Amino acid sequence: MVASRETEIERNYQYFVTHVTALLPQHRGRYALLRHEGVIEIYDELIDAFVAGHSQFADGMFSIQEVTDVPLDLGFYSHADPQGPIC
Amino acid sequence: MPILKGRFADGKPIVDVGLAPVLPSPGEVRPFAEPSSFQMTPLRALLDTGADGTSITRQVARSHNLTYMGLRAARGIGGRERLPTWMTALSFFYPEDADFEGDNHVTTNVFIFPRPLLALEIRDFDEFDVIIGRDVLADYQFNSNKGDWQLILA
């Protein structure tokens, strides 16, 4: 059975979060190209990871994760209620 | 020099932007690169110096042919959550004075942010479609002065 792209991304993410600690000392802030629950390569620039993924994997089954263990602070969105008035 | 400006008294600092996929979908080999294009219907973007990264609403993420790229932990509504990330290119629409044979008028120009972004997907808002965070704003000057704000894209 062929996994969907959503499943591929989900599995890659689970792999990434369990291995990110080992990647951080050398690669913090860089971009990891992942496929089939493994890191293929790590790039300095997002665009390089994207181009490499597209050129190597025509089936589109890859994902990209920034090497970081810090959750993004979403600023305004963190305390906004999209259903209610914005004040 | 591209400058976007407004007054806080008129509301939040919201500007017009465009989004596009960074690269065309891989397909047949062509002798020239197929350019990625920005939809000319502007989206409303909140300038948020308190946000680490740029985010886009769910509706925009799905309507602009962007590529779903991964997941990212973030501190959002209700605390820590895991959000989809979308590969996107960003452009700003800005007004510029034009003078053609004495006919002074204002035209709309496009300033393209030079790097692609991994934008986080957030819930839909009525007031804006995009939140531009410090991953973009840190490259430029964002000033507030006695009730006015301006973003200098240079």
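**View 1. A strand of chain A meets a strand of chain B.** Strand β4(A) and strand β5 of chain B (residues 67-76) run parallel and are joined by two bridges. Within this pairing, D73(A) has R75(B) in β5(B) as its bridge partner. Two strands count as paired here if DSSP finds at least two bridges between them. Strands (E, at least two residues) and helices (H or I, at least four) are DSSP runs, numbered from the N terminus.

Before moving on, a word on the model: it is predicted, with local features needing pLDDT of at least 70 and side-chain atom pairs counting only at pLDDT 80 or more, while totals for chains, interfaces and linings use all residues. Residues are numbered from 1 along each chain as its sequence is written, and chains are lettered from A in the order in which they are written.

**View 2. The side of chain A that touches chain B.** Here 23 residues of chain A are in contact with 32 residues of chain B (C-beta atoms, placed from the backbone, within 7 Å). On chain A, at least two residues of this side come from each of α1 (5-27), α2 (46-56), β3 (63-66) and β4 (72-73). By type, this side of chain A holds 15 nonpolar, five polar and three charged residues. Nonpolar means Ala, Val, Leu, Ile, Met, Phe, Trp, Tyr, Cys and Pro; charged means Asp, Glu, Lys and Arg; the others, Gly among them, are polar.

**View 3. An open sheet in chain B.** Three strands line up in the order β1-β11-β10 (chain B), with antiparallel pairing. At the edges are β1 (3-7) and β10 (141-145) of chain B, each pairing on one side only.

**View 4. Inside the β10-β11 pairing of chain B.** Five bridges join β10(B) to the antiparallel strand β11 (residues 148-152) of chain B. Look for N143(B), which stands opposite Q150(B) in β11(B).

Conventions. Two residues are in contact if their C-beta atoms, placed from the backbone, lie within 7 Å.
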